[in-house]
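Subject: Structure handover

Hello,

Here is the structure I promised to pass on. Please look it over first, then read my notes below.

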Amino acid sequence: MADGIVTLTSGTFDETVNSSSTPVVVDFWAEWCGPCKMFGPIYEKVSEDFPEITFAKIDTEAEREIAAAAGITSIPTLMAFRDGILLYREAGALPEAPLKQLIEQIQGIDMDAIRAEIAKEKSEAGE
């Protein structure tokens, strides 16, 4: 695994996702998964282009509890968080260019607007 990619466990997942003010991109994968093996080098290459972002991997075989809690039903699944808020979740391997575009979009999101939208939805739901 590339130096810039962090391996997350049940003990480090919440802290990593919730304490980072920069985006955290998480790849849920497994050793036996063919598409995961094809996506791995792409993920590593893109991680080198964005050193300011936390890139992480979760082995769904070793960390079944996290995979179940995250509702992972197919791998690879990519999730992106910012300020502890899930902004992207999609199963399937992305080619390099779309992965870079996704990261750039996540970097450009107005998080104040996202938080305001979440607050509005909670208010309307009576929470």
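Start with R64. R64 counts as exposed, at 55% relative accessibility. By the cut-offs used here, buried means under 20% relative accessible area, exposed means over 50%, and partly exposed lies in between (1.4 Å probe, protein chains only).

Before going further, a word on the basis. This is a predicted model: local features need pLDDT of at least 70, side-chain atom pairs count only at pLDDT 80 or more, and totals for chains, interfaces and linings use all residues. Residues are numbered from 1 along each chain as its sequence is written, and side-chain values use heavy atoms, with hydrogens and water left out.

Salt bridges

R64 forms a salt bridge with E61. Their closest N and O atoms are 2.8 Å apart. The term covers a side-chain nitrogen of Lys or Arg within 4 Å of a carboxyl oxygen of Asp or Glu. E61 is partly exposed, with a relative accessible area of 34%.

The structure holds 7 salt bridges. Another one joins D83 and R115, with 2.8 Å between the closest N and O atoms. This pair links distant parts of the chain, 32 residues apart. D83 sits in the loop between β4 (77-82) and β5 (85-91). R115 sits in helix α5 (residues 111-124). Helices (H or I, at least four residues) and strands (E, at least two) are DSSP runs, numbered from the N terminus. D83 is partly exposed at 30% relative accessibility. R115 is partly exposed too, at 36%.

R115 also meets D112 in a salt bridge, at 2.9 Å from N to O. Both residues lie in helix α5. They are 3 residues apart, about one turn of the helix. D112 is exposed, with a relative accessible area of 56%.

Salt bridges link K45, D49, E96 and K100.

Aromatic pairs

The structure holds 3 aromatic pairs. The rings of F39 and Y43 have centres 5.6 Å apart and planes at 45°, so this pair is tilted. Rings of Phe, Tyr and Trp (its six-membered ring) pair if their centres lie within 6.5 Å; planes under 30 degrees apart count as stacked, over 60 as edge-to-face and the rest as tilted. F39 and Y43 are 4 residues apart in helix α2 (residues 34-49), so about one helical turn separates them. Both F39 and Y43 are buried.

Y43 lies in helix α2 and F55 in strand β3 (residues 54-59), so the pair ties together parts that are 12 residues apart in sequence. Y43 and F55 are both buried.

Which residues do ring pairs link into a cluster? They are F39, Y43 and F55.

A serine in helix α2

S47 also lies in helix α2. Is S47 buried or exposed? S47 is buried, with a relative accessible area of 7%. A polar atom of the S47 side chain lies 2.6 Å from the backbone oxygen of E44.

Best wishes

Note on methods:
Polar contact = N/O pair within 3.5 Å; in protein donor to acceptor, adjacent residues only side chain to side chain.
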